[in-house]
Amino acid sequence: MQSTFTELVSLDKTKMSIVEDILTLADKYKENVKKGVYPLKRLEGKKVANLFFEPSTRTRLSFESAAKNMGASVLSFDTKSSSVVKGESLKDTVKNVEALGVDCLIIRHSLAGAPARAATAVNIPVINAGDGCHQHPTQGLLDIFTLRQELGKNLKGVKFLLVGDLRFSRVTRSLLSLLNPLGVEVWAAAPPTLLPAGLEKMGVRVRKDFENALKEADVVYMLRIQKERQQGGLFPSLKEYASIYGLNEKRMDLLNDNVIVLHPGPVNIGVEMTGAVMDHPRTLIQKQVENGVFVRMAILDLLLKGGSCNNG
Ligand code: NCD
């Protein structure tokens with residue numbers, strides 16, 4: 001395993017060899033944890049800090065669970081009761097957390113670039129847990145891990161349809177950093193106002209015929225409508241959006257038998273998909289969440305222990 005992995009801020013700056021190391025190690029941890037074998041001593045004595053300046057359920061708990069599976073202790077931080085409300089700067093906050101003897105910072109922030117800025121202020125690894133509309137590297141990695149579990153290691157030529165709010169989606173940007181080098185054929189279907197400029201240059205083919213694209217896709221990735229990031233007025237109403245781009249049981253019937261439906265969560269139920277689609281056997285949202293823990297275990301191992309892959 002390589003030793004030059006010192007932070008995970010953006011996947012467009014991460015070498016594919018490191019991505020492979022993460023996914024290989026995550027595989028090993030998945031196998032072991034399924035057998036009930038937890039590497040509880042692997043990160044014993046290490047301290048990890050979860051600094052979430054923006055709400056999160058699954059990502060925060062997933063990092064916490066990954067760290068605890070490996071014996072690390074976790075410090076958590078709630079913006080509302082921290083000195084951030086007194087105007088403490090990000091730089092000050094992270095330097096103080098580092099001074100507490102923390103070994104790794106996991107940062108989610110509503111401003112794009114905040115984790116990169118924090119990384120310049122401290123001498124410990126920083127993991128980006130989602131920054132504004134920029135990147136969400138661990139989500140991109142867990143999605144690729146999930147695809148490989150379902151479709152095999154070689155994803156070349158897989159037809160991957162991204163649906164919805166690509167414009168405000170950090171998940172999209174992280175996924176594109178991986179899908180293109182892996183040779184996946186990426187399509188997008190969305191109202192034009194939710195498509196970022198220059199999408200074709202990013203290797204994405206825009207499909208105006210959503211239902212035909214559904215019929216041809218191997219993977220359908222439904223993106224959350226990011227109500228908190230929109231100025232409003234980008235589409236007439238959520239109801240109309242759902243009627244044109246939502247997945248419902250009727251549209252599920254158009255999909256091929258082995259299709260995989262993914263969503264990073266949290267789902268706006270009845271907007272991106274109906275409750276029935278969430279429970280459909282081809283919808284693997286729970287598997288994404290489950291796999292996220294193994295991928296984050298691998299990342300923490302590689303950053304804090306060099307990933308030599310053994311238990312203990
Ligand atoms: C994503 C996020 O917060 O960026 N969710 C997550 O981390 N599971 C996706 C989203 O909110 O759209």
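1. Two strands count as paired if DSSP finds at least two bridges between them. Helices (H or I, at least four residues) and strands (E, at least two) are DSSP runs, numbered from the N terminus. With that in hand, strand β3 (residues 104–109) pairs with β4 in the parallel sense over 4 bridges, and H109 sits opposite D131 in β4.

2. A quick word on provenance: this is a predicted model, where local features need pLDDT of at least 70 and side-chain atom pairs count only at pLDDT 80 or more, while totals for chains, interfaces and linings use all residues. Residues are numbered from 1 along each chain as its sequence is written, and side-chain values use heavy atoms, with hydrogens and water left out.

3. Now the whole sheet. It is open, has 4 strands with parallel pairing, and runs in the order β2-β1-β3-β4. β2 (73–78) and β4 (126–131) are the edge strands with a single partner each, so one side of each has no neighbour in the sheet. On average, neighbouring strands are turned by 15° against each other, direction ignored.

4. Helix α2 (residues 58–69) packs on this sheet and touches β1 (47–52), β2, β3 and β4; contact here means heavy atoms within 4.5 Å. The direction of α2 makes about 180° with that of β1. Axes are lines fitted to C-alpha atoms, for helices over the stretch in contact, and angles run from 0 to 180 degrees between N-to-C directions. Helix α11 (residues 285–305) packs on the sheet too, touching β1, β3 and β4, at about 145° to the direction of β4.

5. Have a look at T93 in helix α3 (residues 90–99). T93 counts as buried because its relative accessibility is 3%, the cut-off being under 20% relative accessible area (1.4 Å probe, protein chains only). Beyond its neighbours within four places in sequence, T93 contacts F53, F77, V84 and E88.

6. On to the pockets (open sets of points on a 1 Å grid over the protein atoms alone, where a 1.4 Å probe fits, with protein on both sides within 12 Å along at least five of seven lines; lining residues have an atom within 4 Å of a point). The largest pocket holds about 340 Å³, a volume being the space filled by probe spheres set on the points. Of its 18 lining residues, R108, R170, R224, G265 and P266 lie nearest the centre. α2 and α6 (170–179) each supply at least two lining residues.

7. The second largest pocket has about 210 Å³ of space. Its lining includes F53 and F77, both also contacts of T93. β2 gives the most to this lining, with 3 residues.

Definitions and conventions
Buried < 20%, exposed > 50% of the residue type's maximum accessible area, 1.4 Å probe, protein only.
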